[in-house]
Amino acid sequence: MMLLQPSMDPNRKRAKSVDRVDSVDSGSESFESTRKCGFPDEVLERVLSLIDSHKDRSSVSLVCKDWYNAERWSRRDVFIGNCYSVSPEIVAARFPRVRSVTLKGKPRFSDFNLVPEDWGADVHPWLSVFSTAYPFLEELRLKRMAVTDESLEFLATNFHGFKALSLLSCDGFSTDGLKAIATHCKNLTELDIQENGIDDLGGHWLSCFPESLTSLEVLNFASLNSEVSFDALEKLVSRCKSLRVLKVNRNVSLDQLQKLLLHCPLLMELGTGTFMQELISGPVTEFKTMFSNCKNLVTLSGLWDTTPLYLPVIYPACASLTFLNLSYATLRSDELANLLAHCKSLRRLWLLDTVGDKGLEAVGSCCPLLEELRVFPADPFDQEIFLGVTESGFVSVSHGCPKLRYVLYFCRQMTNAAVATIARNCPDFTHFRLCIMNPGQPDYLTKEPMDDAFGSVVKTCTKLQRLAISGLLTDRTFEYIGKYAKNLETLSVAFAGSSDLGMESVLKGCMKLRKLEIRDCPFGNAALLSGLTKYESMRSLWMSACNVTMNGCRALAKEKPRLNVEVMRDEEGSDDSQAHKVYVYRSVAGPRRDAPPFVLTL
Amino acid sequence: MTPPLLGVEGDGQGNVSLMTSASTMESIFQKNPGLTERNYMGLSDCSSVDSSVVSGISEVKRNNLNLRATELRLGLPGSQSPERDADVDNASSESLDEKPLFPLLPSKDGICLGSQKTFVSGNKRGFSDTIDEGKWMFSSSGTDSDASKTSVQGKISAVAQPNMTKDATSKMMPQEQSHGTFGTNLNKVNASNPPASKAQVVGWPPVRSFRKNILATNSKANDEVDGKPGPGALFVKVSMDGAPYLRKVDLRSYTAYQQLSSALEKMFSCFTIGQCGSQGAPGRESLSESKLRDLLHGSEYVLTYEDKDGDWMLVGDVPWDMFIGSCKRLKIMKGSDAIGLAPRAMEKSKTRN
């Protein structure tokens, strides 16, 4: 998290001696004007350059002007959690020597279609500024940004040392943009395309990598639909000797994958293509040694269309795996159990709920080192299927995996008692995201609200940083959260609460809250305004389909000029007094200048 | 065949806290003047019609069905009582009026419909198309607990589907017709079918678009292999006349007709396979026509299936293994409609003997 002090003048000359600390931070002590800092700047910079953590660097920059300057000159890696909290000009002015930029754009609920297209978060203004400020930019990591092919082409042609591009949940571009990257970035080490709204016009982009490109270390095109030329892919893989991450898409057959693996013995992360039997030429025995070359494999994903017959080809690779992503493999419980018997070292496991509770029992018995579990729904919108996982699967895992820290669990039924047991078994949770897929569903045994479930989580798991709640919940849940979740930074709420008190409790009690996203809850203006003093210490607040009105938002905007209070109007031109989607965030860049007509900044 | 009317229970204490302000729903209605409240008969004032017909049905059903859940009730979020359970196991007759016929797992409202299926049921769609589709413009699909509001909404929703197909798009709310962001498939279907009642909750469950589309492709692949014997699950769709919702069952998870029957009974708690079903194992006992007719008259519904030849047969005629080898789809029909099947079923079983 980058804290920018608008009062700091980044262009102030770098003085050798320490000046009085004035407007850096209103709470900081002022130094005596006679004290001198013994370090020359160069030494200070050298020391500070060893600090990686953004939070630490923010703290460093607040110590005094000298340190602020030393820090800014030594900063190589900028992380901007909300692209509208700051402008590219301000960033460029403060940090002159940046090599790597991470930018996050749209509110997270845009992943679930709650944010209209053309909302913003266009990367291009950033690229324009960076092309002059950081011509030697090497890495760009974008999440939920709007990216066009023109921007990708601009990136590829204006930054000559550009090395690493990572796009997650972005949209607006097509495979033509990837062509530009492949063609022009002579030193590319990383091309990581994940789950974007990309217009897939074909797989020709991969053939655009020139013969001279041998520097690739990371290539991930698993989420692209079109088939690439296998010949081009094989040649690319064989000439990039440092390849350590390769994630191919579903079109690559097991036969083809086997050929690829011969060329990359250093591979650490592999995303397979399809295991579809029709595309496999040989019997399963032919693939026995497929993974024996890859001694360094720690991550395995892909695994599309696995069958009980061919899934075992991965067994030889399983012993050293620490992350296994089966979230696209429709495994049944017995298949999973057989597989996990080989995976003793697993730390992270992603599954589809087709494995059922029985499959989760196998997880509990086979994976004692497990720290992260994500169970995705195979059919979240299909109310017909009477399957999936229940509370009992989760409990089984908690018994066998006491080191669990991160859980994302989609289910159709849950009980308070089960969650209490889980929390007791796994007190180290830092991320607890429970999605009971039916909105407002109570404990299915007792018919009570699920308040006590989350109460037990926040009481027991004191390290909790991220929480997502679901089910039938009253204000009591929020009272618990406010009272106990003192380390909570991110909270996601949907279809919960009974009154303003709920949201108020959270805003009052959660000292470290940074991101709050709420949808379809009965929280109104009183709740919104109760956070008046808090929002500037947070990254953002999202409220949609709640009871907030335009007047409430206006009141907030009036009191807090350093917050951007944005209201999105539904296209159907709804009643003016309701504020259907509200997005509030702190910013040193002032109101957005690129807001589309349906976004109103108050 | 008269499909049962889908009434709405105006029970204010929804267990779903889908609280949008009262004005939201009103504004939606105001802004869509084309949406008059109609029931399936096209009558515009259906408040009295609904309630009377609904109560009529429930009485009939009570008489016939041993106090199982009777009323087909597909209300909008918030219109159901808190006691309603996801499993229909507790057939408690006191909550008769509130028990849904389709305790759609997880039984409540506000579940996103499987409209993704229409995406894959034909053309491959580019991702950008599906992105557009995802944006059903009302994010606040919830109701408030005001009883009058729910009944208003209920009228919108109380449009039965005489020609109910498995097309999931028929589940959409009328509001959604007016939104231009829908893809072509959905628009076409909406124009031709009267909309059904389940409220679409945008962006719930919170599954990313990429994963949603992958799942849609997967389910298409699964559908294509339905009915093929082999390892793994054998999902077949189970539809019930008059209901806009389908279920799916894994035939491989049962080993006998009785198990299938009880599972389906749990899911759709008001039909009977008929006593003929339980004798399925030897399977050769031909049903005398009169016996069958008695059964069919005696019970409201019977279970039928479509076999590989596309013929609709009564379930229970053939040995279980043969049945799961040839069953492509299940359908719970009204007894009166199934009468015509009996002779054919008998002939087929005769030829198989």
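Student: How many salt bridges does a search of the whole structure find?
Tutor: Over all chains, the search finds 31 salt bridges. Keep in mind that this is a predicted model.
Student: OK, let's pick one. Which side chain meets Glu71(A) in a salt bridge?
Tutor: That's Arg57(A), with an N to O distance of 2.7 Å. The pair links distant parts of the chain, 14 residues apart: Glu71(A) is in helix α3 and Arg57(A) in helix α2.
Student: Are those two buried or exposed?
Tutor: Both Glu71(A) and Arg57(A) are buried. They also belong to a network of salt bridges that includes Arg75(A) and Arg94(A).
Student: What about Asp452(A), what does that one form a salt bridge with?
Tutor: With Arg476(A), where the closest N and O atoms are 3.4 Å apart. Asp452(A) lies in helix α15 and Arg476(A) in helix α16, so the pair ties together parts that are 24 residues apart in sequence.
Student: And why does Asp452(A) count as partly exposed?
Tutor: Because its relative accessibility is 35%, and partly exposed covers values between under 20% (buried) and over 50% (exposed). Arg476(A) is partly exposed too, with a relative accessible area of 34%.
Student: Switching topic: which residues make the nonpolar surface patch of about 250 Å²?
Tutor: Phe39(A), Val43(A) and Val47(A) make that patch.
Student: Where is Val43(A) found?
Tutor: Val43(A) is in helix α1, residues 41–48 of chain A. At 37% relative accessibility, Val43(A) counts as partly exposed.

How values were computed:
Residues numbered from 1 in each chain as written. Chains lettered and ligands numbered in written order. Predicted model: local features only at pLDDT ≥ 70, side-chain atom pairs only at ≥ 80, totals over all residues. Heavy atoms only, no water. Patch = residues over 30% accessible without salt bridge, like charges linked within 9 Å, V, L, I, M, F, W, Y side chains within 5 Å. Areas by Shrake-Rupley, 256 points an atom, 1.4 Å probe, with all protein chains shown as cover. Salt bridge = Lys/Arg side-chain N within 4 Å of Asp/Glu carboxyl O. Helix = DSSP H or I, 4+ residues; strand = E, 2+ residues; numbered from the N terminus. Buried < 20%, exposed > 50% of the residue type's maximum accessible area, 1.4 Å probe, protein only.
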